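Subject: Structure for your review

Dear colleague,

Please find below the structure that I am handing over to you. My findings follow it, and I would be grateful if you read them with the structure open.

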Amino acid sequence: MQYTDLNPIINKIKDWKLYAKNENIFDNDNFRKENDLDCKLTDGNLNADTIFSLWIPLRFVLVKINGYNKLNEYADINKKIPFCEKIIEIEILNELLPINNELVQKLIKLFMLGIERANVMILPSRSLQARGGKPYFDYMPYFLRECFSDGAFSIHFKNGELTLLEWIEKENLQMFFKDGILKKNNILDLSGSQCPTKGLSIDLNLNIFLDNYIGILEIRKENLEALVNSLK
């Protein structure tokens with residue numbers, strides 16, 4: 001399917017801007033329940049968290065197509081909200097993200113999937129949202145690896161790997177493991193780096209990176225829809 005506009009990306013940028021503008025004005029938990037997309041998709045669950053950050057692939061594609069020098073003429077691309085405020089005009093985005101570019105087409109598809117329930121999981125502890133910071137940056141293979149025994153996040157799974165494996169199955173995250181076998185060494189490499197702890201970098205093969213993210217969300221979407229239908 002050939003996408004003809006950047007609306008999924010534009011709408012998400014508007015959501016980021018609106019949320020950032022207002023999150024410190026209101027009681028944070030109540031505001032998040034009613035306005036954060038993860039919470040809205042899970043009936044206000046504050047343990048909800050995005051599986052794949054959409055900002056990271058957007059930033060990578062922008063840099064790949066345009067280079068840092070051009071992008072930084074608008075604002076520092078490493079500062080998400082100020083940068084997005086400068087590029088939100090459709091004429092600018094159309095120049096920075098040419099619609100016929102293969103990476104842009106994949107990015108649009110990822111954004112369409114990325115705002116659906118398939119891109120949200122329920123964490124057993126809100127403190128696990130630290131996975132968004134250094135050095136993990138929301139990279140799921142790295143995060144999952146650190147949830148196993150002796151990993152940085154293993155403390156949050158009180159009964160050891162049994163509880164972790166139960167959570168993985170409950171949250172329908174089996175597709176992150178080779179052949180669905182839930183072992184630390186079976187976690188898939190989505191970035192092409194061959195090293196989960198390397199995380200994400202601009203040097204990735206973005207076609208592989210985007211294809212893998214899209215593939216994961218498509219599978220999870222199908223699984224969640226099948227689960228809902230089975231309960232009807």
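Leu96 counts as buried, because its relative accessibility is 0% and the cut-off for a buried residue is under 20%. Please keep in mind that this is a predicted model. Leu96 belongs to helix 7, which covers residues 90-96. Which residues is Leu96 in contact with, if its neighbours within four places in sequence are left aside? They are Leu62, Ile65, Asn66, Lys70, Leu71, Tyr74 and Ile87. Ile181, by comparison, stands 85 residues from Leu96 in sequence, and their C-alpha atoms are 41 Å apart in space.

The chain as a whole

The chain has 11 helices and 2 strands. Along the sequence, these elements follow the pattern α-α-α-β-α-α-α-α-α-β-α-α-α. A compact globule of 232 residues would have a radius of gyration near 17 Å, and the chain has 18 Å, so the two agree. Taken along the principal axes, the box filled by the C-alpha atoms is roughly 50 × 40 × 40 Å.

Of the 232 residues in the chain, 46% are buried. The chain exposes about 12,100 Å², and 48% of this area is supplied by carbon and sulfur atoms. As for contacts between residues at least 6 apart in sequence, 66% of them join residues at least 24 apart.

The pockets

The largest pocket holds about 1,100 Å³ of space. Its lining consists of 40 residues, and those nearest its centre are Trp16, Asp36, Asp38, Thr50 and Lys80. Which helix gives the largest share of this lining? Helix 1 does, with 6 residues. Several elements supply at least two residues each, among them helix 2 (28-35), strand 1 (48-50) and helix 6 (80-87). Sorted by class, the lining of the largest pocket has 18 nonpolar, 13 charged and 9 polar residues.

The second largest pocket contains about 160 Å³ of space. The residues that line the second largest pocket include Glu116, Arg117 and Ala118, as well as Leu224, Leu227 and Leu231. In the lining of the second largest pocket, 5 residues are nonpolar and 4 are charged, while no polar residue is present.

Yours sincerely,
A colleague

Note on methods:
Residues numbered from 1 in each chain as written. Predicted model: local features only at pLDDT ≥ 70, side-chain atom pairs only at ≥ 80, totals over all residues. Heavy atoms only, no water. 1 Å grid on protein atoms, 1.4 Å probe; cavity = no way out; pocket = protein on both sides within 12 Å on 5 of 7 lines; lining within 4 Å. Points joined across faces, edges and corners; volume = space filled by probe spheres on them. Helix = DSSP H or I, 4+ residues; strand = E, 2+ residues; numbered from the N terminus. Nonpolar A, V, L, I, M, F, W, Y, C, P; charged D, E, K, R; others polar. Rg over C-alpha atoms; globule rule 2.2 N^0.38 Å. Buried < 20%, exposed > 50% of the residue type's maximum accessible area, 1.4 Å probe, protein only. Contact = heavy atoms within 4.5 Å. Areas by Shrake-Rupley, 256 points an atom, 1.4 Å probe, with all protein chains shown as cover.
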